[in-house]
Amino acid sequence: MNQNSPEMNQDRISRKIKIPVILLTLATLIAFVVFFVNLSSSLLGHPEVWGPQMQMVGDKLKSAGLREQAITQYIKFLELREIDLKIRARVAQTVGQLYIELDNCPEAMPWLFQAETIGPAPSQNDILTRHIDFCLQKIKQPLP
């Protein structure tokens with residue numbers, strides 16, 4: 001068989017083409033993986049962007065005197081994602097205080113205890129203790 005036969009030339013050409021085709025295929029697969037990872041992280045990332053604004057909405061509802069709506073907003077904020085413990089304690093204490101204002105100490109207690117367990121800001125420690133003592137006393141009182 002002659003070295004310049006058509007079968008040999010065909011093998012040489014296919015080898016020359018195989019390597020770039022394989023490399024381009026791998027590059028395409030990597031690009032698709034990167035694209036889908038970025039797409040999924042951007043879709044899942046929206047709650048983190050919205051989180052601080054949810055707390056602000058709760059603050060505005062509280063300022064407007066809409067206690068129940070503020071509580072709902074704060075709870076959604078706390079359920080949204082991992083939150084810094086200092087912020088969680090402050091928001092939990094606020095939810096507990098709002099429940100006290102609604103004369104609902106049984107609902108306030110879990111939030112007040114959550115804030116106490118996390119550790120409130122030193123300036124809020126006395127207020128938190130008074131709220132807990134008030135609710136415990138109120139819960140222990142016999143009904144009229």
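Trainee: What should I know before I start?

Mentor: Residues are numbered from 1 along each chain as its sequence is written. In this predicted model, local features need pLDDT of at least 70, side-chain atom pairs count only at pLDDT 80 or more, and totals for chains, interfaces and linings use all residues, while side-chain values use heavy atoms, with hydrogens and water left out.

Trainee: Which residues does the disulfide join?

Mentor: A disulfide is a pair of cysteine sulfur atoms within 2.5 Å. Searching the whole structure gives one: Cys105 to Cys135, with S to S at 2.4 Å. The link is left-handed, with -70° about the S-S bond. Cys105 sits in helix α5 (residues 105-118) and Cys135 in helix α6 (residues 125-140), so parts 30 residues apart in sequence are tied together. Helices here are DSSP runs (H or I, at least four residues), numbered from the N terminus.

Trainee: Is Cys135 buried or exposed?

Mentor: Buried means under 20% relative accessible area, exposed over 50%, and partly exposed in between (1.4 Å probe, protein chains only). Cys135 is buried at 0%, and Cys105 is buried at 4%.

Trainee: How many salt bridges are found?

Mentor: Side chains of opposite charge can pair when their charged atoms come close. The cut-off is a side-chain nitrogen of Lys or Arg within 4 Å of a carboxyl oxygen of Asp or Glu. The search finds two. In one, Glu101 pairs with Arg67, the closest N and O atoms being 2.7 Å apart. In the other, Lys138 pairs with Asp103 at 2.1 Å between the closest N and O atoms. Asp103 is exposed at 51%, whereas Lys138 is partly exposed at 31%.

Methods:
Helix = DSSP H or I, 4+ residues; strand = E, 2+ residues; numbered from the N terminus.
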